[in-house]
Amino acid sequence: MGNKAVLEELLLSWPGLTTGPHRFGGIEFAVNGKEIGHLHGERLVDLLLPKAKRDEAVTTGKARSHHILPESGWVSVYLNTEDDLAHAIELLRYNYERFAQEGNVP
């Protein structure tokens, strides 16, 4: 099973998580109507993080500055290794937990 399939299967097991087409292509993952991140193709996950979390993710190598908007809060995670997949899941979970709390998702 490829990284995309593993990621999708795991994310869809999170309560209240929905998927749909993303406005710039790919698949968007959301909870309570808020995007936690999106997947382009088989290997590129983009996420919007608060600045401190974004800086931490880039500094620790868990993500790269966004491939198009490097000065923004967006980061990119390229799913080339199992570690990359683990980092993407960790950051998506961070966003999921922030937004799930706002709508009291169980």
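Colleague: How many aromatic pairs does the count come to in this model?
Modeller: The model is a predicted one, and ring centres have to lie within 6.5 Å for two rings to pair. By this rule, the count comes to 1 aromatic pair.

Colleague: Are the rings of Trp14 and Tyr96 stacked, edge-to-face or tilted?
Modeller: A pair of aromatic rings is described by the distance of the centres and the angle of the planes. For Trp14 and Tyr96 the centres are 5.1 Å apart and the planes stand at 50°. Planes under 30 degrees apart would count as stacked and those over 60 as edge-to-face, so this pair is tilted.

Colleague: How many residues apart are Trp14 and Tyr96?
Modeller: Trp14 belongs to the loop between helix 1 (3-12) and strand 1 (17-21), whereas Tyr96 lies in helix 3 (residues 82-102).

Colleague: Is Tyr96 buried or exposed?
Modeller: A residue counts as buried when its relative accessible area is under 20%, and Trp14, with 7%, is buried. Tyr96 has a relative accessibility of 4%, so Tyr96 too counts as buried.

Colleague: Which residue has its charged end over the ring of Trp14?
Modeller: Charged ends sit over rings at two places described here, and in one of them Lys53 lies over the ring of Tyr94, 4.7 Å from its centre. Over the ring of Trp14, at 4.7 Å from its centre, sits the charged end of Arg93.

Terms used. Residues are numbered from 1 along each chain as its sequence is written. This is a predicted model: local features need pLDDT of at least 70, side-chain atom pairs count only at pLDDT 80 or more; totals for chains, interfaces and linings use all residues. Side-chain values use heavy atoms; hydrogens and water are left out. Rings of Phe, Tyr and Trp (its six-membered ring) pair if their centres lie within 6.5 Å; planes under 30 degrees apart count as stacked, over 60 as edge-to-face and the rest as tilted. Helices (H or I, at least four residues) and strands (E, at least two) are DSSP runs, numbered from the N terminus. Buried means under 20% relative accessible area, exposed over 50%, partly exposed in between (1.4 Å probe, protein chains only). A charge sits over a ring if NZ of Lys or CZ of Arg is within 6 Å of the ring centre and within 35 degrees of the ring normal.
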